[in-house]
Amino acid sequence: MNIEMLTNYFSQYGIIVFFIIIFLEYLNVPGLAAGIVMPLAGVWAANERVGFFTAIFISVIAGLLGSLVLYFIGRIGGEIFLKKLIQKFPNQEKMINSKLDYLRQKGSIGVFISKLIPMARTLIEIPAGVLKIDFMKYFWSASLGILVWNSIFIGSGYIFGEAVFQKLTFL
């Protein structure tokens, strides 16, 4: 997906596509990078007069639902998934085990911190589910991490996005 396509979707379908795209981004669907999706969502919210806090609220709900889907996949069948992943990519075993060890040590704090790190933020759910991190602790730490991440990226688009797009049209 490119910037024009996302902008057209946001303008044409509004909040529904906004929710769906962010939900899919948190499911780690390829092609939906947060560095593009979130600031564009901020620009869209500013231009459509949706409001910053409404955009943040919708994005947190969408992000949390996407994260919960992966968490429960990890909780229900994650061990089997990780074993097959290691069989298919044996050189990834060390990295996978290091992430599991990190979560064992840090618990829900590790989930929160991971939610603030690119790539790790959408990959931490399955290991969290595999380790059966307490659901309420997972829920609140993931929610807080999603809130911080989304606020920064959507806020940047909301505040600076229009000026950036005007500069890009001159290039």
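**Salt bridges and nonpolar cores in a predicted model**

Asp101 is partly exposed, with 38% relative accessible area; this class lies between buried, under 20%, and exposed, over 50% (1.4 Å probe, protein chains only). The structure is a predicted model, in which local features need pLDDT of at least 70 and side-chain atom pairs count only at pLDDT 80 or more, while totals for chains, interfaces and linings use all residues. Residues are numbered from 1 along each chain as its sequence is written, and side-chain values use heavy atoms, with hydrogens and water left out.

Asp101 forms a salt bridge with Arg104, with the closest N and O atoms 2.8 Å apart. Because Arg104 and Asp101 are three residues apart in helix 5 (residues 93-106), about one helical turn separates them. Helices are DSSP runs (H or I, at least four residues), numbered from the N terminus. Arg104 has a relative accessibility of 53% and therefore counts as exposed.

A further salt bridge joins Lys115 to Glu125, the closest N and O atoms being 2.1 Å apart. This pair links distant parts of the chain: Lys115 lies in the loop between helix 6 (108-114) and helix 7, and Glu125 lies in helix 8 (residues 125-130), ten residues away. Both Lys115 and Glu125 are buried.

Arg121 and Glu25 also form a salt bridge, in which the closest N and O atoms are 2.4 Å apart. Distant parts of the chain are again linked, since Arg121 belongs to helix 7 (residues 120-123) and Glu25 to helix 2, 96 residues apart. Arg121 and Glu25 are both buried.

Nonpolar cores were defined as sets of buried Ala, Val, Leu, Ile, Met, Phe, Trp, Tyr and Cys residues joined through side-chain atoms within 4.5 Å. The largest nonpolar core contains 30 residues, of which Phe18, Ile22, Val111, Ala128, Tyr138 and Ile154 touch the most other members. At least two residues of this core come from each of helix 2 (15-26), helix 3 (34-47), helix 4 (52-88) and helix 9 (135-170). Helix 4 contributes the most, with eight residues. A second, separate core has seven residues, including Leu70, Leu82, Ile96 and Ile126.

Within the largest core, Val111 is one of the residues that touch the most other members. Apart from neighbours within four places in sequence, Val111 is in contact (heavy atoms within 4.5 Å) with Leu103, Ala128, Ile133, Tyr138, Ser141 and Ala142.

Key: Salt bridge = Lys/Arg side-chain N within 4 Å of Asp/Glu carboxyl O.
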